[in-house]
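My notes follow in the order I made them.

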Amino acid sequence: MPRASIHPGRPDAVSLYYELHGPGDAPALVLNNGILMTTASWPLQVPVLSREFRLILYDCRGQGQSDHPESPYTMALHADDLAALLDHLRIPRAHIAGISYGGEVAQAFALAHPDRVRSLVLADTVSEVTPDLQEIIGEWLEVARTADAERFFDVTVGWNFSRAFIDTHADLLADARRRYDALDFPAVARLCESFLTSVDFTGRLREVTAPTCVLVGDQDRLKGPDHAARIHRAIPGSEFRVIAGAGHASCWERPEEFNRVVLSFLSAHP
């Protein structure tokens, strides 16, 4: 079980779980998780993307098999953690991708460590917390603080998946509901707080110089096309891709199209 000791000796030291897939001499590609995801959430991407890239999966602080410290999390701290993880792996530069919360981490990283970014892939993510998101994620936070797994599933599932996906994937969602029982809800609450208090990038995105692809599912009701278009307009020269029929979890709902967009973009920006 590979783990990296991040910021040893600092008050915010943490141990991060990570996985490496693909050829050791291939260009590095980091996949940053959504808020309720872990390294186990990319089974539809790993076999495809690892053919051409040294794929780096990791759980950020508060997620999965990484430490869940009780101190507050912020996007700046997540970005600092990722830089330290890449140092641990002796990777000076990488393609940085992320979906939802992971896309916000990717933006924070690109702004704080621009020289370490080969390219940027931002999927189903936002650059600021609009009033509707304040209300939605505020409800998630309120329920997370109760540690009621059933209720938390009910208030999140409709935002994370399209209606068509929910109607046709009962077994998958039943399995997801069972996994909610194992969530560390205080850590989930800290992740929600991090989103609500530290995502404010729009005014700085013009500073991003790395080639950037912004992609979004057209059925994403949480962080959908309007949010993606805002990021696209703000990042000079960025590309904009819409995945038809996909909800917020576009990498699960339309994995072939998601992988095709990512590979096509990265092949054009080695």
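**Largest pocket**

I sorted the lining of the largest pocket by class and got 26 nonpolar, 10 polar and five charged residues. In this sorting Ala, Val, Leu, Ile, Met, Phe, Trp, Tyr, Cys and Pro count as nonpolar, Asp, Glu, Lys and Arg as charged, and the others, Gly among them, as polar. The model is a predicted one, where local features need pLDDT of at least 70 and side-chain atom pairs count only at pLDDT 80 or more, while totals for chains, interfaces and linings use all residues. Residues are numbered from 1 along each chain as its sequence is written, and side-chain values use heavy atoms, with hydrogens and water left out.

I noted a volume of about 860 Å³ for the largest pocket. Its lining has 41 residues, and those closest to the centre are Leu-36, Met-37, Thr-38, Ser-41 and Trp-252. Two or more lining residues come from each of α3, α4, α5, α7 (170-179), α8 and α10 (250-253). Helix α7 gives the most, with four residues. Helices (H or I, at least four residues) and strands (E, at least two) are DSSP runs, numbered from the N terminus.

I wrote down the rule for pockets and cavities. On a 1 Å grid over the protein atoms alone, a cavity is a set of points where a 1.4 Å probe fits but cannot get out, and a pocket is an open set with protein on both sides within 12 Å along at least five of seven lines; lining residues have an atom within 4 Å of a point. Grid points are joined across faces, edges and corners, and a volume is the space filled by probe spheres set on the points.

**Cavities**

How many cavities of 30 Å³ or more are there by this rule? I counted two. The largest cavity has a volume of about 50 Å³. Leu-31, Trp-42, Ala-97, Gly-98, Ile-99, Val-121, Ala-123, Phe-258 and Val-262 line the largest cavity. Strand β5 supplies the largest share of this lining, three residues. By class the lining of the largest cavity has eight nonpolar residues, one polar and no charged.

The second largest cavity has a volume of about 30 Å³. I found Ala-110, Pro-114, Val-117, Val-208, Thr-209 and Ala-210 along its lining. Five of these are nonpolar, one is polar and none is charged.

**Nonpolar cores**

Next I looked up the cores. A nonpolar core is a set of buried Ala, Val, Leu, Ile, Met, Phe, Trp, Tyr and Cys residues joined through side-chain atoms within 4.5 Å. Buried means under 20% relative accessible area, exposed over 50%, and partly exposed in between (1.4 Å probe, protein chains only).

The largest core has 74 residues, and Tyr-58, Ile-96, Trp-140, Phe-152 and Phe-195 touch the most other members. Helix α8 (residues 185-198) gives the most to this core, with eight residues. A second, separate core has 24 residues, including Leu-29, Phe-53, Leu-57 and Ala-97. In soluble globular proteins, nonpolar side chains tend to be buried together.

I then checked the contacts of Phe-195, where contact means heavy atoms within 4.5 Å. Leaving aside neighbours within four places in sequence, Phe-195 is in contact with Met-75, Tyr-101, Glu-104, Val-126, Val-129, Leu-133, Ile-137 and Lys-223.

**Single residues**

Is Gln-107 buried or exposed? Gln-107 is buried, because its relative accessible area is 1%. Gln-107 lies in helix α3 (residues 101-112). Beyond four places in sequence, its contacts include Leu-122, Thr-125, Phe-201 and Ile-231.

Asn-160 is in helix α5 (residues 149-160). At 13% relative accessibility, Asn-160 also counts as buried. Among the residues Asn-160 touches, beyond four places in sequence, are Leu-36, Trp-140 and His-248.

Glu-139 lies in helix α4 (residues 131-144). Its relative accessible area is 36%, so Glu-139 is partly exposed.

**Cysteines**

I searched the whole structure for disulfides (pairs of cysteine sulfur atoms within 2.5 Å) and found zero. Cys-192 is in no disulfide, and the nearest cysteine sulfur, that of Cys-60, is 12 Å away. Cys-192 counts as buried, at 0% relative accessibility.

Cys-251 is buried, at 1% relative accessibility.
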